[in-house]
Amino acid sequence: MATTPRSEPRQRTTDPRQRGTEPKPRTDPKPRSEPKQERARRTKVHILQSAAELFAERGYATVTLQDVAERAEMTKGAVYFHYTNKEALAVAVVQEHYARWPEILDGAEGDHEAPFDRLTAVLDTVTRAFARDIVVQAGARLQIERALIDAELPEPYVGWEDYLSRLIGEAKDAGELRAGVEPRAAARVLVSAFFGMQHISDVLSGRKDLTERHQELQTVLVEGLRG
């Protein structure tokens, strides 16, 4: 590796007439506002997490900003400072729900050579996220209750259909898909089945049986697509 040549050290002047005229080295201190900005960022994250917990537990209609403030152990005014109303907070939770998926899915397809194995690995990863991540859970519930929210939310499901269509299409190209199955149609069925499964699991058991239900979906539906 090449190294940067080091310059000769500057000779300090001893002439009293020039003392004080030599330029002082710049220290470039961090802006004073940075710690404040970081505190504000952490506060917003804390509020959003608290709201996600409540939305996941109780749904949109019954949660108030006062509830969020109490869960976050903050004043209502502090919550208002970051989120002007409940609709803005709900939108922020749904947006964070979608923002998390790239990181969650990073590496989900793994090193599987067979495309069908990559598909099942992705579905396993998504199931774990729904079982463990409160923001993922809250975002899904808010999308179901979108008619109650007087704000525009990101369009649900379409991105999942596109993503799974690609995976299923790769399985078809590899000869691993059952004859007569069209990838886009299979993706639509999978998305409907998966999101219906996680919602029913939430309603009936608080997602305690989500893993079991996912295994059933894998056995009955996903393996039914394999050629």
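Begin by selecting helices α5 and α7, whose axes come within 7 Å and cross at roughly 150 degrees. Axes here are lines fitted to C-alpha atoms, for helices over the stretch in contact, and angles run from 0 to 180 degrees between N-to-C directions. Helices (H or I, at least four residues) and strands (E, at least two) are DSSP runs, numbered from the N terminus. The model is a predicted one, in which local features need pLDDT of at least 70 and side-chain atom pairs count only at pLDDT 80 or more, while totals for chains, interfaces and linings use all residues. Residues are numbered from 1 along each chain as its sequence is written, and side-chain values use heavy atoms, with hydrogens and water left out.

**The α5 and α7 pair**

The two helices α5 and α7 are therefore roughly antiparallel to each other; angles under 35 degrees count as roughly parallel, over 145 as roughly antiparallel, 65 to 115 as roughly perpendicular and the rest as oblique. Display the side chains of Pro115, Phe116, Arg118, Leu119, Val122, Leu123 and Val126 in α5, which meet Trp160, Tyr163, Leu164, Leu167, Ile168, Glu170 and Ala171 in α7. Contact means heavy atoms within 4.5 Å. Sorted by class, the contact of α5 with α7 has 12 nonpolar, no polar and 2 charged residues. In this scheme Ala, Val, Leu, Ile, Met, Phe, Trp, Tyr, Cys and Pro count as nonpolar, Asp, Glu, Lys and Arg as charged, and the others, Gly among them, as polar.

**From α5 to α9**

A crossing is left-handed if the near helix is turned anticlockwise from the far one by less than a right angle, and right-handed if clockwise. On the α5 side, select Phe116, Leu119, Thr120, Leu123, Asp124, Thr127, Phe130 and Ala131; on the α9 side, select Leu210, His214, Gln218, Val222, Glu223 and Leu225, and the contact is complete. By class, the contact of α5 with α9 has 8 nonpolar, 4 polar and 2 charged residues.

**From α5 to α4**

Next, bring in helix α4 (residues 86-105), which packs against α5 at an angle of about 130 degrees, with the axes 11 Å apart. The helices α4 and α5 are therefore oblique to each other, and α4 passes α5 in a right-handed crossing. Trp101, Ile104 and Leu105 of α4 and Val122, Thr125, Val126, Ala129 and Phe130 of α5 make the contact. This contact of α4 with α5 has 7 nonpolar, 1 polar and no charged residues.

**The aromatic rings**

Now select Trp101, Phe130, Tyr157, Trp160, Tyr163, Phe194 and Phe195, which ring pairs link into a cluster. The structure holds 9 aromatic pairs. Rings of Phe, Tyr and Trp (its six-membered ring) pair if their centres lie within 6.5 Å; planes under 30 degrees apart count as stacked, over 60 as edge-to-face and the rest as tilted. Zoom in on Tyr157 and Phe195: the ring centres are 5.1 Å apart and the planes stand at 70 degrees, so the pair is edge-to-face. Tyr157 is in the loop between α6 (134-144) and α7 (158-173), and Phe195 is in helix α8 (residues 183-205), 38 residues apart.

Tyr157 is partly exposed, with a relative accessible area of 33%, whereas Phe195, at 12%, counts as buried. Buried means under 20% relative accessible area, exposed over 50%, and partly exposed in between (1.4 Å probe, protein chains only).

**Two positive phi values**

Most residues other than glycine have a negative phi. Phi of Tyr157 is near 75 degrees, a positive value. Arg207 counts as buried at 9% relative accessibility. Leaving aside neighbours within four places in sequence, Arg207 is in contact with Phe130, Gln137, Gln198, Ser201 and Asp202.

**A last stop at Glu161**

Which residues does Glu161 touch, not counting those up to four places away in sequence? Select Arg184, Ala187, Arg188 and Val191 to see them. Glu161 is in helix α7 and is buried, with a relative accessible area of 19%. Glu161 and Arg188 are 27 residues apart in sequence and 5.8 Å apart in space, C-alpha to C-alpha.
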